[in-house]
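Take a look at the chain below, and then we'll walk through it together.

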Amino acid sequence: MLSRDELREHLVQTRIAGDVATSRENNLDHYSSLANGDPYYALGLTFDQPWAYRDILALMAKSAGVVADPDHRWGQDTIDPDRTIDAIDAMAGRIAAALSEPRPRILLATGHPTGLLTVHLSLASLCVARGALLLTPAEGWTYTGAGFGRPRRIRYLQDVAMLDDKGNLVHTHDADPMRHMLDELGGDLPDLVIADHGWAGAAGDAGVPTVAFADCNDPGLFVGEAEGKLDVVVPLDDNVLPRYYAPLIDRLVTEVSRAL
């Protein structure tokens with residue numbers, strides 16, 4: 001496993017953190033949309049209080065390390081790599097706590113199959129090796145949502161849930177698939193959900209213990225964390241080359257194993 005300093009350098013060099021590809025304009029547009037009540041940016045969450053634009057920006061500066069200055073409106077934005085590492089360690093602790101119970105029931109899902117899938121697959125393998133039961137509800141459930149025409153369905157790859165569109169794995173922020181999965185499980189909910197985007201938001205909103213990955217333009221999950229609906233949210237660029245996540249995965253797996 002890389003040292004903390006080596007991992008920090010790797011995160012910055014690969015732009016998982018540091019100067020990330022997500023622009024300042026995109027971030028601020030999403031923060032404004034969330035503040036204005038657009039449910040798309042809530043990622044399946046409902047909130048206990050209104051969140052003003054400046055409060056969301058301040059939270060994102062604190063939780064993800066984006067530039068705090070509200071007058072910085074264009075160009076480069078950032079994720080603090082130390083916040084990423086701290087959240088990775090916190091996530092590892094939460095996963096280890098779940099795995100320390102007998103035969104824990106865990107559900108994994110990703111809306112970023114081109115990026116974060118490699119992280120989820122590694123965590124799925126770890127959980128199985130440590131005796132967890134991975135849940136796969138609603139496999140094949142098909143629906144059509146706003147913003148896309150062709151039906152999408154839930155598909156599992158090594159027990160990680162995703163959406164496919166006639167054979168193509170798709171990027172999604174949608175919370176409806178996770179809602180349907182939890183409905184199918186009835187009252188027998190997972191002990192832990194490991195997810196991102198709307199998969200994570202819907203699980204957290206349903207009261208399921210949830211840890212998540214989120215980019216700096218996904219403020220809904222960080223607001224959910226601030227309100228206690230998600231246990232841990234790891235800030236990172238969620239769509240770099242999959243191989244770049246290898247040191248991050250190594251730290252997660254090592255820290256989980258160390259905590260057990």
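## A serine to start with

In which helix is the place of serine 33? It sits in helix α2, the run of residues 24–35. Keep in mind as you look around that this is a predicted model.

Is serine 33 buried or exposed? Its relative accessible area is 15%, and because the cut-off for buried is under 20%, serine 33 counts as buried. Leaving aside residues up to four places away in sequence, serine 33 touches Asp38 and Tyr41.

## The whole chain

Now zoom out. The protein chain holds ten helices and eleven strands. Its radius of gyration is 17 Å, close to the 18 Å that the globule rule gives for 260 residues, so the chain is as compact as a globular protein of that length. Along the principal axes, the C-alpha trace spans about 50 × 45 × 35 Å.

Of the 260 residues, 54% are buried. If you take the contacts with a separation of 6 or more, 66% of them come from residues 24 or more positions apart. The accessible surface of the chain comes to about 10,600 Å², and carbon and sulfur atoms account for 48% of that. As for charge, there are 22 positive and 38 negative side chains, with the centres of the two sets 3 Å apart.

Helix α1 covers residues 4–13, and its buried residues are Leu7, His10 and Leu11. Why do they line one face? Seen down the axis of α1, these buried residues fall within an arc of 100 degrees, so they share one face of the helix.

After α1 comes arginine 15, with a positive phi near 65 degrees.

## Helix α7 and its neighbours

Further along is helix α7, residues 176–185, where Pro177, Met178, Met181, Leu182 and Leu185 are buried. Looking down the axis of α7, you'd find its buried residues within an arc of 130 degrees, so they line one face of this helix.

What do the buried residues of α7 pack against? Quite a list: the strands β3 (105–109), β5 (142–143), β6 (152–157), β7 (160–165) and β9 (192–196), plus the helix α8 (197–205). Following α7 is glycine 186, whose phi is positive, near 65 degrees.

## Positive phi away from glycine

Most residues other than glycine have a negative phi. With that in mind, have a look at leucine 43: its phi is positive, near 55 degrees, and it is not a glycine. Leucine 43 lies in the loop between α3 (39–42) and α4 (53–63), and at 2% relative accessibility it counts as buried.

Histidine 197 is another one to find, with a positive phi of about 45 degrees although it is not a glycine. You'll see histidine 197 in helix α8, and its relative accessibility of 1% makes it buried too.

Terms used:
Residues numbered from 1 in each chain as written. Predicted model: local features only at pLDDT ≥ 70, side-chain atom pairs only at ≥ 80, totals over all residues. Heavy atoms only, no water. Buried < 20%, exposed > 50% of the residue type's maximum accessible area, 1.4 Å probe, protein only. Helix = DSSP H or I, 4+ residues; strand = E, 2+ residues; numbered from the N terminus. Arc of directions from axis to C-beta. Contact = heavy atoms within 4.5 Å. Rg over C-alpha atoms; globule rule 2.2 N^0.38 Å. Areas by Shrake-Rupley, 256 points an atom, 1.4 Å probe, with all protein chains shown as cover. Lys, Arg positive; Asp, Glu negative; His and termini not counted. Charge placed at Lys NZ, Arg CZ, Asp CG, Glu CD.
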